Amino acid sequence: MDILFYTSGSSPERWTDAIRAALPQATVRVWQAGDNAPADYAMVWKPPAEVLRDRTGLKAVFSLGAGVDALTKVHDLVPETVPVVRLEDAGMGEQMVDYATHAVLGYYRRFGEYAKSAAEHQWRPLPAYRKSEFTIGVLGLGVLGSPIAERMRSLGFPVAGWSRSAKQLDGVECLHGDDGLSALLGKVRVLICVLPLTPETQGIINAATLGKMPRGSYLINIARGGHVVEADLLKMVHDGHIAGATLDVFAQEPLPAAHRIWYEPTITVTPHIAALSLYQESAEQMAGKIAALERGETISGIVDRRKGY
Ligand code: NDP
Ligand code: OXD
């Protein structure tokens, strides 16, 4: 079995070592310019078109991440009969849950405000919030959003979640559609975005949607930079409507050194690390799915080309 590998990131050998360990029977090669030999499977992250264009023999293309927005052009390169498969959790769920928990508890216990007081050597106790008044809204109730909603519920916060189709999650108010989104925004103290980036969700966090959130609420974006209209967010942060934000993803990455977002004291920036693909877990998941495909079985995680995720 021939596996073609490409990542735009660093350390391809960490991936290929893990893939070889999970698929000892396979020949794994890292794509080099000019390579147009057949392959049974491709495992890729942000590949240039030449990696997949006219590639013969392909039975499936695997994404080395959960989000497939960077793979939309792959859909024009490989025939519809070749499934494009994304990572499902593979160790990312726990990381996302921990990241969201840290940020939410920081807002709930006002740690950002105390850090500011401490920097000014000011002993300034603030009133405590009540959990019952601190509703957490989760946009996206998929593989990564659902466990975040569940963790928030188990911490005792009221939780509302929003998805494309109707859902049921114990103890979570599940909403969908435009009315559902408005209802969720109207009650949240913290909005957590875990949506896939598609034409429908591009720019979904903008002046209009942020304006529906109560004054003094917070945003956590751990999905894609394209979900947020950054100029609108900066304006709402300046006028105090949004009390703070934790952003892991940006329209342009790396976030340029001179970007205004770096200068906002109430915005916390992390460099797209909310969840990192784990080599071993990811390779084992892909190997399991390849084995299932080879047995002629159906697998989960196939991207729906019409929905875009
Ligand atoms: P899933 O496909 O499992 O879940 C997506 C969720 O979003 C589903 O609940 C889906 O609804 C909902 N959704 C999609 N489109 C819409 C829409 N138009 N309106 C309302 N809801 C919508 O994805 P994952 O949970 O695995 O991943 C989510 C995203 O997290 C990834 O696409 C990626 O962008 C991001 N990510 C970020 C990382 C980071 O380090 N910052 C790491 C990993 C992922 P339904 O259930 O009805 O289909
Ligand atoms: C992903 C990511 O989509 O790391 O997996 O952003």
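The legends below describe close-up views of a predicted model. In this predicted model, local features need pLDDT of at least 70 and side-chain atom pairs count only at pLDDT 80 or more, whereas totals for chains, interfaces and linings use all residues. Residues are numbered from 1 along each chain as its sequence is written, and side-chain values use heavy atoms, with hydrogens and water left out.

**View 1. An open sheet of 5 strands with parallel pairing.** The strands (DSSP runs of E, at least two residues, numbered from the N terminus) follow the order E2-E1-E3-E4-E5, and two of them count as paired if DSSP finds at least two bridges between them. Strand E2 (27–30) and strand E5 (84–85) are at the edges with a single partner strand each, so one side of each has no neighbour in the sheet. Strand E1 (residues 2–7) pairs with E2 in the parallel sense over 4 bridges, and Phe5 has Val30 in E2 as its bridge partner.

**View 2. The largest nonpolar core.**

**View 3. The surroundings of Ile148.** Neighbours within four places in sequence aside, Ile148 is in contact (heavy atoms within 4.5 Å) with Met96, Val97, Ala100, Val138, Ile192, Val194 and Ile222.

Note on methods. Chains are lettered from A and ligands numbered from 1 in the order in which they are written. A nonpolar core is a set of buried Ala, Val, Leu, Ile, Met, Phe, Trp, Tyr and Cys residues joined through side-chain atoms within 4.5 Å. Buried means under 20% relative accessible area, exposed over 50%, partly exposed in between (1.4 Å probe, protein chains only).
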